[in-house]
Amino acid sequence: MYPQIFTAAQGVDQAFLIILGFAVFILVAVTVTMLYFLWRYHYTRNPQPTDIKGSISLEILWTVLPTLIVLGLFWTGWTSFKAMRTIPEGAMTVAVEGRMWSWRFTYGNGRTSKELVIPVDTPVKLDLTTRDVIHSFYVPAMRVKWDLVPGMDTNAWIESDTVGDYDIFCAEYCGLKHADMITILRVVDQDDFDAWLNGKEEPAEEDLGMSLLEEFGCFDCHSMDLSADAAPSLLDLGSREETVILPDGTERKIKPDEAYIRQSVREPGAVLVKGWGDEMPPYGDELSDAQLGVMASYLLKGGQGKDKGAALADE
Ligand code: CUA
């Protein structure tokens with residue numbers, strides 16, 4: 001079991017143990033009674049049936065007792081649910097975006113990250129949205145799991161009293177690479193957090209294309225080699241021929257150019273690469289024309305340092 005680092009969610013473990021305790025108790029009680037009856041009323045013991053007319057006290061007992069038990073179980077769950085739904089005043093806000101198939105965290109000062117970094121002992125409000133399908137933001141160590149539903153703004157809050165790294169999963173099946181939709185929650189000291197929040201150095205000019213491709217999650221589906229299994233490879237885009245399907249259904253061979261790349265990002269469904277579907281969501285305002293231009297020229301040049309693994313290791 002994951003360690004529990006979110007004090008407001010301690011009631012979750014408590015509710016779990018209480019419900020488990022009752023369930024085990026009832027299982028054992030029913031099984032033991034059943035075995036006793038099997039033995040006691042076996043035909044070799046010649047049981048004599050009794051003609052029972054009814055019992056008011058028994059009826060009251062088996063109505064009232066389960067009602068009290070169920071209300072008690074509800075109360076245990078309700079108190080912890082309320083604590084987890086009551087976002088403390090003045091909590092720091094982080095926008096969480098789920099997308100096929102990675103996470104993007106945006107801070108108040110505009111800093112974006114693929115990992116969730118938070119200061120220790122500080123309540124953090126999470127604004128949860130998705131840019132495509134339903135995902136579920138799941139931090140086992142926080143006992144926090146909320147669905148991200150298209151068109152719906154959800155929020156939650158977390159707080160940790162322990163510095164460390166914890167897993168973040170997607171807990172809603174969301175397509176081919178659902179299982180890869182994993183990232184890390186880093187809980188750090190306030191000083192480390194401040195340094196991290198304000199310390200993002202701008203990537204050098206020649207790395208800008210790659211860092212944009214990474215920031216916008218292009219490699220969640222595409223690759224710069226031939227390992228892509230969810231979307232067309234971006235390998236040597238500028239020097240190859242692509243067979244595409246036009247909106248009217250006709251096929252055409254094209255040489256990818258900047259206009260083609262721009263359109264593929266803005267309206268991915270318009271012109272499809274033959275053999276691939278239209279799963280890619282369109283990118284709008286969040287990606288500027290200038291950024292798109294940098295990405296396009298980077299891709300058309302074949303990408304310096306196009307080995308994605310090496311680029312990630314440099315981070
Ligand atoms: Cu996102 Cu599963």
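Trainee: At what angle do helix α1 and helix α2 pack?

Mentor: This is a predicted model, in which local features need pLDDT of at least 70 and side-chain atom pairs count only at pLDDT 80 or more, while totals for chains, interfaces and linings use all residues. Residues are numbered from 1 along each chain as its sequence is written. Helices (H or I, at least four residues) and strands (E, at least two) are DSSP runs, numbered from the N terminus, and axes are lines fitted to C-alpha atoms, for helices over the stretch in contact, with angles from 0 to 180 degrees between N-to-C directions. Helix α1 covers residues 10-40 and helix α2 residues 56-85; their axes are 8 Å apart and the packing angle is about 165°.

Trainee: How are α1 and α2 oriented to each other?

Mentor: Angles under 35 degrees count as roughly parallel, over 145 as roughly antiparallel, 65 to 115 as roughly perpendicular and the rest as oblique. The angle here is about 165°. Therefore α1 and α2 are roughly antiparallel.

Trainee: Is the crossing of α1 and α2 left-handed or right-handed?

Mentor: A crossing is left-handed if the near helix is turned anticlockwise from the far one by less than a right angle, and right-handed if clockwise. For α1 and α2 the crossing is left-handed.

Trainee: Which residues of α1 and α2 make the contact?

Mentor: Two residues are in contact if their C-beta atoms, placed from the backbone, lie within 7 Å. On the α1 side these are G11, V12, Q14, A15, I18, I19 and F22. On the α2 side they are I69, L73, T76, G77, T79, S80 and A83.

Trainee: How do α5 and α6 lie to each other?

Mentor: Helix α5 (residues 258-266) and helix α6 (residues 289-300) have axes 9 Å apart and an angle of about 125°. Their crossing is right-handed. By the angle, α5 and α6 are therefore oblique.

Trainee: How far apart are the centres of domain 1 and domain 3?

Mentor: Domain bounds come from an automatic or database domain assignment. Domain 1 is 7-41 + 57-85, domain 2 is 92-198 and domain 3 is 205-314. The C-alpha centres of domain 1 and domain 3 are separated by 55 Å.

Trainee: Which residue in β10 is the bridge partner of D167?

Mentor: D167 sits in strand β9, residues 164-170. Five bridges link β9 to β10 (residues 183-188), and the two strands run antiparallel. The partner of D167 is I184.

Trainee: Is D167 buried, partly exposed or exposed?

Mentor: A residue is buried if 20 or more other C-beta atoms lie within 10 Å of its own, exposed if 12 or fewer, and partly exposed in between, with C-beta atoms placed from the backbone. D167 has 13 such neighbours, so it counts as partly exposed.

Trainee: And is R143 buried or exposed?

Mentor: R143 is in the loop between β6 and β7. Its phi is near 60°, a positive value in a residue other than glycine. With 22 C-beta neighbours inside 10 Å, R143 counts as buried.

Trainee: Which peptide bond is cis, with omega near -5°?

Mentor: Most residues other than glycine have a negative phi, and most peptide bonds are trans. The cis peptide bond runs from M100 to W101.

Conventions:
Two strands pair if DSSP finds at least two bridges between them.
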